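This report describes a single protein chain, its fold and a selection of its residues. The sequence and the structure are shown first.

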Amino acid sequence: MINVSGNKAFPEEIELVLNRHPDVVDSHVFGDTHPLMGEIVCAELVLKKNVALDVEAVLYFCRTQLSTYKVPQRLQSVQQIKHTASGKIKRN
């Protein structure tokens, strides 16, 4: 759970939305510390081949389906996301 200014954001819920974006293959959502808000929502995205990260398009997609505090503040494109043997995302 990510605590954004007292609001609770669950990574799994946000990942489900991100994974429905047409350019996203997989996602990993996590919280990062913030001096004013406690934590902010961050996401790592695995994109389809030959697709560049369009931050504004992904954020717009999230804004149409998530509460404002659940929309990621930071997005990063990665090659892969680590999973456990059972297929769940490895969370730190």
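Is E15 buried or exposed? E15 is buried, because its relative accessible area is 5%; buried means under 20% relative accessible area, exposed over 50%, and partly exposed in between, with a 1.4 Å probe and protein chains only.

The model is predicted, so local features need pLDDT of at least 70 and side-chain atom pairs count only at pLDDT 80 or more, whereas totals for chains, interfaces and linings use all residues. Residues are numbered from 1 along each chain as its sequence is written, and side-chain values use heavy atoms, with hydrogens and water left out.

## Overall fold

The protein contains two helices and five strands, arranged along the sequence as β-β-α-β-β-α-β. Helices (H or I, at least four residues) and strands (E, at least two) are DSSP runs, numbered from the N terminus.

The C-alpha trace spans about 35 × 30 × 20 Å along its principal axes.

Of the 92 residues, 36% count as buried. The protein exposes about 5900 Å², and carbon and sulfur atoms supply 50% of that area. Accessible areas come from the Shrake-Rupley method with a 1.4 Å probe; for residues, only the protein chains shown count as cover. Among contacts with a separation of 6 or more, 55% are accounted for by residues 24 or more positions apart, a contact being heavy atoms within 4.5 Å.

## Charges and salt bridges

The protein has 11 positive and 10 negative charges, and their mean positions are 4 Å apart. Lys and Arg count as positive and Asp and Glu as negative, while His and the chain ends are not counted. The place of a charge is taken as NZ of Lys, CZ of Arg, CG of Asp or CD of Glu.

Side chains of opposite charge can pair when their charged atoms come close. A salt bridge is here a side-chain nitrogen of Lys or Arg within 4 Å of a carboxyl oxygen of Asp or Glu, and the count comes to four. The table lists three of these salt bridges.

| Salt bridge | N to O distance |
|---|---|
| E12 and R91 | 3.8 Å |
| E13 and K70 | 2.9 Å |
| E15 and R91 | 2.8 Å |

E12 forms a salt bridge with R91. The pair links distant parts of the chain, 79 residues apart: E12 is in helix 1 (residues 11–19), and R91 is in the segment after strand 5 (74–77). Both residues are partly exposed, E12 at 43% relative accessibility and R91 at 35%.

The side chains of E15 and R91 also meet in a salt bridge. E15 is likewise placed in helix 1, 76 residues from R91 in the segment after strand 5.

K70 lies in the loop between helix 2 (55–63) and strand 5, and E13 lies in helix 1, so the pair ties together parts that are 57 residues apart in sequence. K70 counts as buried, at 11% relative accessibility, whereas E13 is partly exposed at 32%. Not counting residues up to four places away in sequence, K70 touches K8, A9, E13, I14 and V41.

## Surroundings of H28

H28 is found in strand 3 (residues 24–34) and is buried, with a relative accessible area of 10%. Leaving aside residues up to four places away in sequence, H28 touches E15, C42, A43, E44, I81, I89, K90 and R91.

## Positive phi angles

Most residues other than glycine have a negative phi. S5 has a positive phi, near 50°, and lies in the loop between strand 1 (2–4) and strand 2 (7–9). S5 is partly exposed, with a relative accessible area of 48%.

N50 also has a positive phi, near 60°. Its place is in the loop between strand 4 (38–47) and helix 2, and N50 is exposed, with a relative accessible area of 83%.
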